[in-house]
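Trainee: Please take a close look at one part of this model, the place where the two protein chains meet. I would like one connected account of it.

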2 protein chains.
Amino acid sequence: MVNKSRITIKDVAKTAGVSTQTISRVLNNRPDVSPQARERVEEVIREMGYAPNIIARSLSSGRSNIVGVVGFGLEYYGPAKVLTGIEKKATEYGFSVLLALLDQFDQEHIERVLTQFVAQQVLGIIWAIPGFTDSMEIIERAVDKLEIPVVLINRNPIEKKIVVAVDNHSGGRQATEHLFQQGYQNVGTITGPLTWWEAQERLAGWREVVKDQGKSNIDRLIFEGDWTVESGDCGFEALFSANPDLDAIFVGNDQMSLGVIQAANRNGLRIPEDLGIVGFDNISEAKFFFPALTTLHQPARRLGGLAVTRLNECIHKIDLEVCYQSEENRISPELIVRQSSTRFG
Amino acid sequence: MVNKSRITIKDVAKTAGVSTQTISRVLNNRPDVSPQARERVEEVIREMGYAPNIIARSLSSGRSNIVGVVGFGLEYYGPAKVLTGIEKKATEYGFSVLLALLDQFDQEHIERVLTQFVAQQVLGIIWAIPGFTDSMEIIERAVDKLEIPVVLINRNPIEKKIVVAVDNHSGGRQATEHLFQQGYQNVGTITGPLTWWEAQERLAGWREVVKDQGKSNIDRLIFEGDWTVESGDCGFEALFSANPDLDAIFVGNDQMSLGVIQAANRNGLRIPEDLGIVGFDNISEAKFFFPALTTLHQPARRLGGLAVTRLNECIHKIDLEVCYQSEENRISPELIVRQSSTRFG
DNA sequence: CTGTTAGCGCATTCAT
DNA sequence: ATGAATGCGCTAACAG
């Protein structure tokens, strides 16, 4: 009872000379208040500096205005932008954002954060954590138990749940097709950790196109990195020594691409003449790499916003069909062509 | 009254055959419950999958477990890490994090977000927004009105408020001293936008050291950038053409340093032989720049954690003296020496 | 249009 | 060690 003697609806009612109900009506913009009363109340509210206690409102009305967001890896460009998109759109819809970050995906940690959110009476949850093969099932089970709407971001679809994601498969295809179109013949790939769904999808896109080109024995053209600049560097060395005729690489992200550029330089290869490179992410530096990096732009912010929109629809039970099945839930990344891949530009 | 018929404390009490009080006591780990009763209740709770309604708890007890965090620019490395640090430490203390992002700093937006937080009954607020000269006063006034604890991050001190910040001035000094020690003679600087407090402080540190070296007419050695790679590139061109004898640059962040490296290469300058460079931030790529970048490591995560620690102390009125005046509130960045500045390494 | 009554789920008195 | 009564600040349902 650490009551800061904050002003309550009662105080306002008393000084305004009306009942608390009228105040409540004004606060909630109900139509059934006389203009005079409304005006008077609004004035008193302003004068007293009154702000309604949202906690009490939630308890009373049985619904909060809070959505829970479970995030991961904000140090990375993508996740941070997704979160930004979520927050912006949430504010637009009048939601507050309760944030929890997770970096371990065992059952205990997952359930703790979900339980906490449920206890906080969130309206819905956005699971903004990239899909990992080794935690998929645990998460599916945990999420399945929830009785509130959930939207998941950047993972493979789950039955009866809404998943919004970048179409990484399409991204892989676009990158690889572009390289072949530019006349490169031997297109390798450096992937992210293959425990990541995103990395797998990008690889699958690459694989499809390479096979379409009639190539065989292509596994030697694959190197699994770990998203870091360093692993891009290593990856190039490994691929290049195993495939002396290598002339292009689709790299799983922009940071690794930077490593590839360095390693290529060190090995006396010119980019894009001797080696074509396409990255993924379009981080803000990519434009200024030397040479400027061709890459796939991920509409991360839009993705975050879409997650909130879907959650909102779910909460208000609007267009549920569309909500679950919309093609829009899979957003295609956009190829940004720059110098690193344009041999005949 | 969208009652999802969630299990309440009453249900648990009924099936456990005790009063709601006993349940409440068990939940709050009160000592005055018999071991048998406790065990029984805990079992029932587990069986029923009961989770206490935090909203109701907050209303009843008059205190929430929520802290409000106002953030900015998560796409950037520093702010994202600060937020990560905040979340981690908050979870440690048992706080939930309510997140709001702001990108405009006029009175209306500022007051809206603060009012919202107050209405949500947050225990305290962390203002994790870099200081801008043009919004300092508005913010001070807005924050001053609050009756709950506030901790501000990375701005100049305010009377009667807690500010935790990286010692950017020291960072500027360290970088510049290091360059002179390495034998460079004409050390310029490329700053961030000077509306940023951080940029100003770094510049001031540089200025002090340069003056100590007996240099005069030093304004021509300053270029104001905007944190982007591109502006680092421009900055180098501008400084180099105005100062042909320039042989080192303290650059306000790592991204601009990348631009400088590119521009220097283009102009046929070798790094570090002809040009020494020190950046700021120690982004994860810095180690892999070519050459590897000497830079100041910002303990952003620790900074976020410290903000929460201070807030917690404030909330519980622990060590208030220390809280406000501690030297620790100003965290010194650490110089990471790499190749870009070691001429005689 | 407005006021009255009741209750959201829990913690905090007090009793016992 | 336990239970009964009371109220947190607000909204919902009803009455007028």
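Mentor: In this predicted model, 44 residues of chain A are in contact with 43 residues of chain B, where contact means that the C-beta atoms, placed from the backbone, lie within 7 Å. On the side of chain A that touches chain B, at least two residues each come from H4, helix H5 (77-92), strand E2 (96-101), helix H6 (107-119), helix H10 (229-242) and helix H11 (254-266). Helices (H or I, at least four residues) and strands (E, at least two) are DSSP runs numbered from the N terminus. H5(A) supplies the largest share of that side, six residues. By class, the side of chain A that touches chain B holds 22 nonpolar, 14 polar and eight charged residues; Ala, Val, Leu, Ile, Met, Phe, Trp, Tyr, Cys and Pro count as nonpolar, Asp, Glu, Lys and Arg as charged, and the others, Gly among them, as polar.

Residues are numbered from 1 along each chain as its sequence is written, while chains are lettered from A and ligands numbered from 1 in the order in which they are written. As the model is predicted, local features need pLDDT of at least 70 and side-chain atom pairs count only at pLDDT 80 or more, whereas totals for chains, interfaces and linings use all residues.

Strand E2 also links the chains by pairing. E2(A) and strand E2 (residues 96-101) of chain B run antiparallel and are joined by three bridges; two strands pair if DSSP finds at least two bridges between them. Within this pairing, A:Leu98 has B:Leu98 in E2(B) as its bridge partner.

The same surface serves both copies, as 98% of the contact residues of chain A recur in chain B.

H4(A) gives the most to the surface near DNA strand D, with five residues, and H4(B) gives the largest share of the surface near DNA strand C, five residues.

Notes
Contact = placed C-beta atoms within 7 Å.
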